[in-house]
Amino acid sequence: MRFLTPLLLLGMFLFFCGTASAQGPVIDGRADAQDLEIVLLRDEHGSTDGARMPANHPAPVSLAPRIMRVRSVGSTLASIVTEATVRSATFRQLAHAISQTNGIVYVEDGDCGHGVRACLATVTTAGANRIIRVRVDANTADWNLMGSIGHELQHAVEVLGSPIVTNTRALYLFYQHNGIRAGSVFETAAAVRAGNDVRAEVRRSMFLTQPR
Ligand SMILES: [Zn+2]
């Protein structure tokens with residue numbers, strides 16, 4: 001099969017983001033490198049509004065440990081992910097969808113090659129969890145970077161919806177059946193739409209909150 005080259009089978013499957021290549025400054029993060037929880041806005045019972053509970057009814061407290069399902073590597077990306085979570089409803093929805101799965105998504109700065117700025121690079125397993133690594137080129141405008149990450153989070157949602165995708169080879173096969181080939185990479189309409197929606201929401205939010 002044309003796709004099953006040795007290189008691809010070694011895990012170099014790239015699922016690209018069709019993002020613009022606008023160059024721009026990158027936010028300087030202030031915190032140390034850290035994982036960042038961007039989801040789990042609700043408690044384990046799905047409630048976010050304890051005030052609706054009767055006064056004599058204590059708010060439910062879950063003893064289950066919370067697992068951060070979307071994690072950024074590095075302070076710059078931590079700041080970007082935090083800002084995207086605040087500015088974009090689509091971004092929040094994607095993060096929430098991931099929080100309902102057994103996936104843990106790492107967003108890290110790096111080069112995808114193949115002329116693309118972001119990619120869903122690998123899938124591995126760690127115990128009961130599936131680990132997805134998203135790689136992005138952080139050297140672009142903030143709003144565009146947020147869109148690229150949102151685009152890849154949509155791919156993560158797609159992959160996590162298929163329990164049989166537990167390694168990078170299965171990832172490749174999944175997109176061979178469910179993606180649209182674009183050169184040496186794959187794409188989905190949903191990911192393109194998600195990335196564009198995040199970009200639009202972030203830019204609108206930036207416009208509304210900029211100093212006048
Ligand atoms: Zn894509």
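Two strands pair if DSSP finds at least two bridges between them. Helices (H or I, at least four residues) and strands (E, at least two) are themselves DSSP runs, numbered from the N terminus. On these terms, strand β3 (residues 118-126) runs antiparallel to β4, and eight bridges join the two.

The structure described here is a predicted model, in which local features need pLDDT of at least 70 and side-chain atom pairs count only at pLDDT 80 or more, while totals for chains, interfaces and linings use all residues. Residue numbers start from 1 along each chain as its sequence is written.

## Overall organisation

The chain contains six helices and six strands. Their order along the sequence is α-β-α-α-β-β-β-α-α-β-β-α. A residue is called buried if 20 or more other C-beta atoms lie within 10 Å of its own, exposed if 12 or fewer, and partly exposed in between, with C-beta atoms placed from the backbone. Of the 212 residues of the chain, 37% count as buried. Two residues are in contact if their C-beta atoms, placed from the backbone, lie within 7 Å. Among contacts between residues at least 6 apart in sequence, 80% join residues at least 24 apart.

## The four-stranded sheet

An open sheet is formed by four strands in the order β1-β2-β4-β3, with mixed pairing. Strands β1 (70-72) and β3 stand at its edges and have a single partner strand each, so one side of each is left without a neighbour in the sheet. Direction ignored, neighbouring strands of this sheet are turned by 20° against each other on average; axes are lines fitted to C-alpha atoms, for helices over the stretch in contact, and angles run from 0 to 180 degrees between N-to-C directions.

| Strand pair | Direction | Bridges |
|---|---|---|
| β1 and β2 | parallel | three |
| β2 and β4 | parallel | seven |
| β3 and β4 | antiparallel | eight |

Val70 stands opposite Val105 in β2. Between β2 (residues 103-109) and β4, Gly103 has Arg130 as its bridge partner, Ile104 is paired with Ile131, and Tyr106 stands opposite Arg133. On the other side of β4, Val123 stands opposite Ile132.

Strand β4 (residues 129-136) is mostly covered, as six of its eight residues are buried. The hairpin of β3 and β4 has two residues between the strands, and Gly127 takes a positive phi near 65° there. Another positive phi, near 60°, belongs to His114, a residue other than glycine. His114 lies in the loop between β2 and β3 and is exposed, with 12 other C-beta atoms within 10 Å.

## The nonpolar core

A nonpolar core is a set of buried Ala, Val, Leu, Ile, Met, Phe, Trp, Tyr and Cys residues joined through C-beta atoms within 7 Å. The largest one has 44 residues, and those with the most contacts inside it are Ile98, Val105, Val134, Met146, Ile149 and Ala156. Helix α4 gives the most to this core, with nine residues. In soluble globular proteins, nonpolar side chains tend to be buried together.

Helix α4 lies across β2, β3 and β4, running at about 155° to β4. Met146 lies in this helix, which spans residues 142-160. Met146 is buried because 27 other C-beta atoms lie within 10 Å. Leaving aside residues up to four places away in sequence, Met146 touches Ile80, Glu83, Ala84, Ser88, Phe91, Val198 and Val202. Met146 and Leu77 are 69 residues apart in sequence and 9.3 Å apart in space, C-alpha to C-alpha.

Val105 has contacts of its own with Arg69, Val70, Arg71, Ile98, Ile132, Val134, Leu153 and Ala156, again not counting residues up to four places away in sequence.

## Packing of α3 against α6

Helix α3 (residues 89-99) packs on helix α6 (residues 189-209) at an angle of about 135°, with the axes 7 Å apart. That angle makes α3 oblique to α6, given that angles under 35 degrees count as roughly parallel, over 145 as roughly antiparallel, 65 to 115 as roughly perpendicular and the rest as oblique. Ala89, Thr90, Phe91 and Leu94 in α3 meet Ala194, Asp197, Val198 and Glu201 in α6. The residues of this contact divide into five nonpolar, one polar and two charged; here Ala, Val, Leu, Ile, Met, Phe, Trp, Tyr, Cys and Pro count as nonpolar, Asp, Glu, Lys and Arg as charged, and the others, Gly among them, as polar.
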